[in-house]
Amino acid sequence: MPEITVTEHLLAAQMEWSPKATGQFTSLLHDLIVSAKIISRNVKQAGLVDILGGTGEVNVQGERVQKLDEFANKTLVYRMRTCGAVCALGSEELEEPLIIPPEESSGSYIIYFDPLDGSSNIDVNVSIGTIFSIYRRREDATEPFRAERMLRPCDTQVAAGYFLYGPSTMMVYTTGHGVNGFTLDPSIGEFLLSHPNMQIAPRGAIYSVNASYDRFWDEATRECVDSFCHPAGGQPYSLRYVGSLVADFHRTLLYGGIFMYPADTRKPDGKLRLMYEAAPMAFLAEQAGGKATDGVHRILDKTPLSIHERTPLIIGSSEDVDHVADIYRRHGRG
Ligand code: P6P
């Protein structure tokens with residue numbers, strides 16, 4: 001099969017689905033891909049450069065900022081500001097959204113990103129990733145964009161995806177017409193189509209949750225988790241947990257099963273952020289035939305009240321996600 005680059009794949013898809021495309025989205029995706037190639041290069045060198053020292057600072061999430069986090073955020077902010085397609089951006093590393101003045105960009109797109117998710121794993125050489133979610137602004141581009149317009153219904157995403165910095169660097173994304181995976185060929189510096197039309201099996205055999213939080217869960221959540229490791233009938237599921245959402249979700253996308261980050265007594269709204277972690281993964285999951293909820297309610301039916309809003313996340317094979325929702329409803333949720 002001849003190699004197909006991600007740009008060729010996108011252009012072919014636009015010919016089919018968006019013949020009136022202006023090229024803005026292509027420009028945005030190009031700069032996103034260049035950012036990821038730069039971040040990937042630095043991540044691969046993480047053990048060689050004294051980059052592990054961390055900045056000693058703490059970000060808006062109260063998490064220690066690693067220098068790579070800061071580098072990844074600066075790389076993405078610079079390229080999203082200058083690509084000419086973006087009017088506003090939200091980042092895990094920025095307390096406030098960045099509104100790009102009309103004199104700098106007449107862009108029509110809003111982008112959220114987690115520049116380097118799972119960065120606590122950098123020190124131990126475990127896969128980490130960049131997650132992105134893209135919306136299109138609604139009103140006329142000449143009207144100054146207002147920050148409150150960042151709070152979009154999650155089911156209005158026009159694109160979402162992630163870059164996974166693992167043994168190989170991958171890009172997985174959707175524009176609402178299925179999910180496709182591309183693997184970076186370092187010898188030519190191109191992402192090549194390696195996983196066309198990715199689909200999640202309706203049911204899996206792996207569950208993924210930080211089981212050490214058992215003591216903080218409510219009875220319903222304990223019953224959900226227990227139903228996978230001690231099922232009433234059939235084989236127990238295997239437990240796999242990397243602690244890096246991009247890695248745990250990517251495995252769930254490929255192998256099926258379920259990833260859970262439920263609410264608990266310390267984090268009543270869960271830990272993961274809606275706009276740049278849960279919602280993009282939910283878009284991908286549904287496009288691949290899977291499901292994503294907060295335990296009961298569909299993630300894509302949510303509209304945030306703030307850009308860093310958190311949510312519990314139950315995502316993966318449709319039958320496994322439904323199984324969890326049934327247990328929560330039996331305990332009066334929903
Ligand atoms: P815990 C990484 O910090 C992250 O935001 C996600 O990538 C990951 O799924 C989760 O937190 C892990 O959290 O509490 O299990 O360490």
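The stops below go from the sheet to the helices and then to the ligand.

Before you click, note that this is a predicted model, where local features need pLDDT of at least 70, side-chain atom pairs count only at pLDDT 80 or more, and totals for chains, interfaces and linings use all residues. Residues are numbered from 1 along each chain as its sequence is written, and side-chain values use heavy atoms, with hydrogens and water left out.

**Stop 1: the sheet.** Show the strands as cartoon. You're looking at an open sheet of eight strands with mixed pairing, in the order β2-β1-β3-β4-β5-β6-β7-β8. Select 98-99 and 190-195: these are the edge strands β2 and β8, and each pairs on one side only. (Strands are DSSP runs of E, at least two residues, and helices are runs of H or I, at least four, numbered from the N terminus; two strands pair if DSSP finds at least two bridges between them.)

**Stop 2: two helices packed together.** Select 219-229 (α4) and 318-330 (α7): they pack at an angle of about 145°, with their axes 9 Å apart. (Axes are lines fitted to C-alpha atoms, for helices over the stretch in contact, and angles run from 0 to 180 degrees between N-to-C directions.) On the α4 side, the contact residues include Cys224 and Phe228, and on the α7 side, Val324 and Ile327 are among them. Contact here means heavy atoms within 4.5 Å.

**Stop 3: the ligand.** Finally, zoom in on the ligand. Which residues come nearest? Of the 14 residues around the ligand, they are Asp117, Tyr213, Tyr241, Leu245 and Tyr261. (A residue is near a molecule if one of its heavy atoms lies within 4 Å of it.) Then look for polar contacts, which are pairs of N or O atoms within 3.5 Å. The side chain of Asp117 has an N or O atom 2.5 Å from a ligand oxygen. For Asn210, a side-chain N or O atom is 2.9 Å from an oxygen atom of the ligand. Lys271 also places a polar side-chain atom 2.9 Å from a ligand oxygen.

Note on methods: A polar contact is a pair of N or O atoms within 3.5 Å; within protein, one must be able to donate a hydrogen and the other to accept it, and residues adjacent in sequence count only if both atoms are side-chain atoms.
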